[in-house]
Amino acid sequence: MVTVTLTVNGQEKTSDCEGRSLLSDFLRDNLNLTGTHVGCDTSQCGACVVHVDGEAVKSCTMFAWEAQGADVATIEGMAEDDGSLGTIQQAFQDHHGLQCGFCTPGMVMSAAALLKKNPDPTEYEIRDYLEGNICRCTGYQNIVHAIQAAAQTMRAAT
Amino acid sequence: MYDFAVERPTNLDDASRLLAKDETQVIAGGQTLIPTMKSRLASPKTLVSLTGIDEIKGVSPSQGSVTIGAATRHVDVANETRTLYPALASLAANIGDPAVRNRGTIGGSLANNDPSACYPAAALAGDAEIKTQERSYSADDFFCGLFETALSEGEFITEIRFPIPDRASYQKFEQPASRFALVGVFVTQKSGQVRVAVTGASEEGVYRWKEAEQALSDDFRREAIADLIVPAEGKIVDIHGSAAYRAHLVKVLTGRAVDSAH
């Protein structure tokens, strides 16, 4: 067993897990943060994307102990303090950027990582950045629209 | 996957000592190893992580070359070699997807020597020197076939030194789902000598296309390889492409690399 202590969405958490526990398992099973989804479990679909020390990673392809001491952000941390939807989440709702919603946590976390680095991405840059996030419902068009709208809202706010 | 014990050394001596034990496996970014362990193609008793060893991370330029720590992630190679070695930076920036590039390392890719990985082509065409905690290899001696390298049990890469070429280019025809190279060709020219390394094409893994090197060393233009024939024998066949298709791509991509080398 390994004892893992990390900060998730601003709160310090400690839990024991096996060496083989993936970060996605640790978040879902140990910390009960089930917003992070596991789609393919083979690092292709991106539903499990979270941020570790500010950078997007696939939490199904990282062991929990590799995040020892790290600052982790998950979809649960994307809402506003009053529980209302965050800017990117709201844009996904406004622009119909989801249908079944399974891929959405990963899409939102990837979009957040992109917009942090590049506040005004082109459509090509958005599609390129989402290479590792698969959606089987939307055809991506409205996801791209949502991220463009979120980028605009976030730029206007700064 | 089966469970295992975890070791996180913070210096090279401790890492070497831990890896000298039986049934240990080194892990860097884990972007290949973790899927391999999930499918039980590997089930080590102990994983020794190199990511806590700061001295094997980072990019350091020196006279005429750039040295990259083995545990340097693709994203950092892409960002930090952009002006020093643009062809290498562009290769690193197009591996997998952003989340994979935030974890995967150059040393891990070279040690794994996947026949469709990008970095082996850069190392071989770039005449790189691959250093381990024990010795140093030229890229020509390092790659020994499909997923095979000269590394012995317990030996791990510490850094890779790339001489800066006069011009270079990497051209990859992507397998669109994985972004691995269906075929990738890295071309370098240094003091008139050209090296051409091909990944993704051969059943023997990365290799140098020596006929093209000779022709391009005499005349660095796409036309110089026009009459060369790339045989389909020994090329990889899978659902993404036939041997003849891959052989065709080798020449097309070499031409594109020559056209775009700078």
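Helix 4 of chain A, with 5 residues, contributes the most to the lining of the second largest pocket. Helices (H or I, at least four residues) and strands (E, at least two) are DSSP runs, numbered from the N terminus. The model is predicted, so local features need pLDDT of at least 70 and side-chain atom pairs pLDDT 80 or more, while totals for chains, interfaces and linings use all residues. Side-chain values use heavy atoms, without hydrogens or water, residues are numbered from 1 along each chain as its sequence is written, and chains are lettered from A and ligands numbered from 1 in the order in which they are written.

**Exercise 1.** Describe how helix 2 of chain A packs against helix 3 of chain A.

*Solution.* Step 1: the axes of helix 2 (residues 87-94) of chain A and helix 3 (residues 104-117) of chain A come within 10 Å and cross at roughly 125°. Helix 2 of chain A is therefore oblique to helix 3 of chain A. Axes are lines fitted to C-alpha atoms, for helices over the stretch in contact, with angles from 0 to 180 degrees between N-to-C directions; under 35 degrees counts as roughly parallel, over 145 as roughly antiparallel, 65 to 115 as roughly perpendicular and the rest as oblique.

Step 1: the crossing is right-handed (near helix turned clockwise from the far one by less than a right angle; anticlockwise is left-handed).

Step 2: Ile88(A), Gln89(A) and Phe92(A) of helix 2 of chain A meet residues of helix 3 of chain A, including Met107(A), Ala111(A) and Leu115(A). Contact means heavy atoms within 4.5 Å. The residues of this contact of helix 2 with helix 3 of chain A comprise 7 nonpolar, 2 polar and no charged. Ala, Val, Leu, Ile, Met, Phe, Trp, Tyr, Cys and Pro count as nonpolar, Asp, Glu, Lys and Arg as charged, and the others, Gly among them, as polar.

**Exercise 2.** Characterise the packing of helix 3 of chain A with helix 5 of chain A.

*Solution.* Step 1: the axes of helix 3 and helix 5 (residues 141-156) of chain A lie 11 Å apart, at an angle of about 45°.

Step 1: helix 3 of chain A passes helix 5 of chain A in a right-handed crossing. Met107(A), Ala111(A) and Leu115(A) of helix 3 make the contact with Ile143(A), Ile147(A), Ala150(A), Ala151(A) and Met154(A) of helix 5.

**Exercise 3.** How many cavities of 30 Å³ or more does the whole structure hold, and which residues line the largest?

*Solution.* Step 1: the search finds 1 cavity of 30 Å³ or more. On a 1 Å grid over the protein atoms alone, a cavity is a set of points where a 1.4 Å probe fits but cannot get out, a pocket is an open set with protein on both sides within 12 Å along at least five of seven lines, and lining residues have an atom within 4 Å of a point.

Step 1: the largest cavity has a volume of about 50 Å³ (the space filled by probe spheres set on the points, which are joined across faces, edges and corners).

Step 2: its lining consists of Val49(A), Ala56(A), Lys58(A), Ser110(A), Tyr129(A), Gly132(A), Asn133(A), Asp97(B), Pro98(B) and Ala99(B). Strand 4 (55-58) of chain A and helix 5 (98-101) of chain B are the elements giving two or more residues to this lining of the largest cavity.
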